[in-house]
Amino acid sequence: MKTQKEIETIKNTCDTSKILLKLFKKYNDYDSTLFEHYDPNSLFANRKKINVSSNIENNNVAIIKYKEPLFKRILNKLKILFNNK
């Protein structure tokens, strides 16, 4: 024969088990929806594929010789002159 305390404990355990089962089911459903949502195969399935055309224009690049301004050239000469002494 079970005591009143044992009966209450069993009832509480049963209630707790039911709650946990509901939570696990919700989590399992949520987890499966996340997996479907972030599945790499389905994630990029709707992406439009862009064809890269081979019509690349040739841009001519010209090299221009850099010429320092006159004031900067004079200043650099003075720096060289004073650093050597």
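Together with L70, I74, L78 and L81, F82 forms a nonpolar patch.

Now step back and follow the whole chain. How many helices and strands does the chain have? There are three helices and zero strands, so reading along the sequence gives you the pattern α-α-α. Of the 85 residues, 1% count as buried. The chain exposes about 9600 Å², and 60% of that comes from carbon and sulfur atoms.

Next, visit the loop between α2 and α3, where you will find E68. Is E68 buried, exposed or in between? With a relative accessible area of 30%, E68 is partly exposed, because this value falls between the 20% and 50% limits. Which residues does E68 touch, once its neighbours within four places in sequence are left aside? E68 is in contact with R73 and N76.

Finally, let's ask about confidence. The average pLDDT of the chain is 78, and 73% of the residues score at least 70. Which helix has the lowest confidence, and which the highest? Helix α2, residues 40-43, is lowest with a mean of 68, while α3 is highest at 89. Where pLDDT is low, the predicted coordinates should not be read in detail.

Conventions:
Residues are numbered from 1 along each chain as its sequence is written. This is a predicted model: local features need pLDDT of at least 70, side-chain atom pairs count only at pLDDT 80 or more; totals for chains, interfaces and linings use all residues. Side-chain values use heavy atoms; hydrogens and water are left out. Helices (H or I, at least four residues) and strands (E, at least two) are DSSP runs, numbered from the N terminus. Buried means under 20% relative accessible area, exposed over 50%, partly exposed in between (1.4 Å probe, protein chains only). Accessible areas come from the Shrake-Rupley method with a 1.4 Å probe; for residues, only the protein chains shown count as cover. Patches are made of residues with over 30% relative accessible area and no salt bridge: like charges are joined within 9 Å, nonpolar side chains (Val, Leu, Ile, Met, Phe, Trp, Tyr) within 5 Å. A salt bridge is a side-chain nitrogen of Lys or Arg within 4 Å of a carboxyl oxygen of Asp or Glu. pLDDT is the predictor's confidence in each residue, from 0 to 100. Contact means heavy atoms within 4.5 Å.
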